[in-house]
Amino acid sequence: MDDVLTDMRASGEEPPLPFSRRTYSGKFNVRLPQELHRRLARESAEQNVSLNQYVVSKLATCRAVA
């Protein structure tokens, strides 16, 4: 890693900030199929929570696939 950073600086490139030092707005847009949108809206209504709260909860409990 040190060699890569040294090479980047030597060629005038600025190394990217580590994810831990970046700031995030907490917003991003996602395009999804209409049927999935419908299903998520229905499920969130059944849980009596907003669609946003429902999707955040679903995302928080899933594991990334490598």
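**Reading side-chain features in this model**

User: How many aromatic pairs does the count come to?

Analyst: A pair of aromatic rings is described by the distance of the centres and the angle of the planes. The rule takes rings of Phe, Tyr and Trp (its six-membered ring) with centres within 6.5 Å, and calls them stacked if the planes are under 30 degrees apart, edge-to-face if over 60, and tilted for the rest. By this rule the count is 0 aromatic pairs. The model is predicted, so local features need pLDDT of at least 70 and side-chain atom pairs count only at pLDDT 80 or more, while totals for chains, interfaces and linings use all residues. Residues are numbered from 1 along each chain as its sequence is written, and side-chain values use heavy atoms, leaving out hydrogens and water.

User: What lies over the face of Phe19?

Analyst: Arg22 does, at 4.2 Å from the ring centre. The rule wants NZ of Lys or CZ of Arg within 6 Å of the ring centre and within 35 degrees of the ring normal.

User: How many salt bridges are there?

Analyst: Side chains of opposite charge can pair when their charged atoms come close. With a side-chain nitrogen of Lys or Arg within 4 Å of a carboxyl oxygen of Asp or Glu as the rule, the count comes to 3 salt bridges. One of them joins Arg38 to Glu35, with 2.7 Å between the closest N and O atoms. Arg39 meets Glu43 at 3.3 Å, N to O, and Arg42 pairs with Glu46 at 3.7 Å.

User: Is Glu43 buried or exposed?

Analyst: Buried means under 20% relative accessible area, exposed over 50%, and partly exposed in between (1.4 Å probe, protein chains only). Glu43 has 17% relative accessibility, so it counts as buried. Arg38 has 49% and counts as partly exposed, as does Glu35 with 48%.

User: Which residues is Ser44 in contact with, beyond its neighbours in sequence?

Analyst: Contact means heavy atoms within 4.5 Å. Leaving aside neighbours within four places in sequence, Ser44 touches Val49, Ser50, Leu51 and Tyr54. Ser44 belongs to helix H2 and is buried, with a relative accessible area of 4%.

User: Which residues form the nonpolar patch on the surface?

Analyst: Patches use residues with over 30% relative accessible area and no salt bridge, joining like charges within 9 Å and nonpolar side chains (Val, Leu, Ile, Met, Phe, Trp, Tyr) within 5 Å. Here Phe28, Val30, Leu32 and Leu59 form one, with about 410 Å² of accessible area together. Such areas come from the Shrake-Rupley method with a 1.4 Å probe; for residues, only the protein chains shown count as cover. Phe28 sits in the loop between helix H1 (2-10) and helix H2 (34-46), and counts as exposed at 63% relative accessibility.

User: Where is Pro18, and how far is Pro18 from Val55?

Analyst: Pro18 is in the loop between H1 and H2 and is partly exposed, at 40%. Pro18 and Val55 are 37 residues apart in sequence and 27 Å apart in space, C-alpha to C-alpha.

Notes: Helix = DSSP H or I, 4+ residues; strand = E, 2+ residues; numbered from the N terminus.
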